[in-house]
Every structure is written in C-alpha cells, then in structure tokens.
Amino acid sequence: TFTNGYKGSSGINAEYGQQAALWEESNECQECREPFFWNLERLWNERKAPTKRQHHCRRCGRAVCGECSPNLSILPLYGFELPVRMCRPCYQQIPDNELCSSTSTHNILIDQTCVHLDQAKKLLAVAGTDNTIRLYDIAACL
C-alpha cells in the first residue's frame, strides 16, 4: 500500500499525530474527469491522445492531473516540510494553522575551512573561505 506518498510509510506525523491522506485510485482525474494515459478504452472511444499523467494531492489524496494540481505548499501537520503537490480546492481552502512549519533549514553548502562541534554548548561552528563564521544551534539534533 502507498500512504503519505511513499511505499511503506505509515503516513502518521508523530509530532502532531495527523494521518496523511491515503491515495485514491482512479482511471480519470477526479477534478476535470479527463482520462489518464492508461485508460486506453476511454481514450480510444473519445479519440483522445494519451497525455494526462496521474498525480495525487497530498492533503486529500485524490487522483488528479497536472493541470488540476499546479500548486505546491508545505503541509507540516501531515509531515510534509518541503512543498508538495496539492489540488486546487485543497490549496484554496487550506487554513493557516496547517502552514506553520515545525522545522527550520540552513544552507551550509559553503566552502569550509574549519568545522568545530561543541557538544557541551550544542553549537556547530563553520568557518568559510568567504571569511564568515556561522554558528548553528544543534540542540534539537543531539
């Protein structure tokens, strides 16, 4: 089974306890009702070219085509801290409390001349070739 968009994933966000939507199966887009490329009988009967790929809205789990799911957004309440695909209705109706991220990210891809870890203070110091020193609070990582 596929849950949370990944095979074998439980889809449960331990911090919030929210269950990610299970992916629905469909031979057509559940928004515009156009057939997906494997629905050969309908494509043949309607004389259409097989152009629609199936995607899934990570919020509601509906099977939608790319045109009906052009929006990307984070959904930390469901365990998605990076932008994921959402259908138009979900994107338009998403409440602000579902958009509050529980993480922060930092770009440490700099040319490093020195790296020092102070476990007692829970800090990571990175000196770069650009003459900068960056301090990272890594308390949550230890």
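Start by selecting aspartate 118: its bridge partner in E8 is leucine 123. Strands here are DSSP runs of E of at least two residues, numbered from the N terminus. Before going further, note that this is a predicted model, where local features need pLDDT of at least 70 and side-chain atom pairs count only at pLDDT 80 or more, while totals for chains, interfaces and linings use all residues. Residues are numbered from 1 along each chain as its sequence is written, and side-chain values use heavy atoms, with hydrogens and water left out.

Now widen the selection to residues 112–118 and 123–128. These are strands E7 and E8, which pair in the antiparallel sense over six bridges; to count as paired, two strands need at least two DSSP bridges between them. Another bridge to click on joins histidine 116 to alanine 125 in E8. The two strands make a hairpin with four residues between them, and lysine 122 in that turn has a positive phi of about 60°.

Keep alanine 125 selected and look across to E9, where leucine 135 stands opposite. E9 covers residues 133–137 and pairs with E8 in the antiparallel sense over five bridges. E8 and E9 also form a hairpin with four residues between them, and here asparagine 131 is the turn residue with a positive phi, about 65°.

Show the three strands together and you have an open antiparallel sheet in the order E7-E8-E9. E7 and E9 are the edges; each has a single partner strand, so one side of each lacks a neighbour in the sheet. From one strand to the next, the twist averages 15° (axes are lines fitted to C-alpha atoms, with angles from 0 to 180 degrees between N-to-C directions).

Next stop: rings. How many aromatic pairs does a search of the whole structure find? One. Select phenylalanine 36 and tryptophan 38, a tilted pair at 5.2 Å centre to centre with 35° between the planes. (Rings of Phe, Tyr and Trp, the last by its six-membered ring, pair with centres within 6.5 Å; under 30 degrees is stacked, over 60 edge-to-face, the rest tilted.) Phenylalanine 36 is buried at 0% relative accessible area, while tryptophan 38 is partly exposed at 35% (buried is under 20%, exposed over 50%, partly exposed in between, using a 1.4 Å probe and protein chains only).

Finish at histidine 55, in strand E3, residues 55–56. Is histidine 55 buried or exposed? Buried, at 15% relative accessibility. Beyond neighbours within four places in sequence, histidine 55 has contacts (heavy atoms within 4.5 Å) that include Cys65, Ser69 and Arg85.
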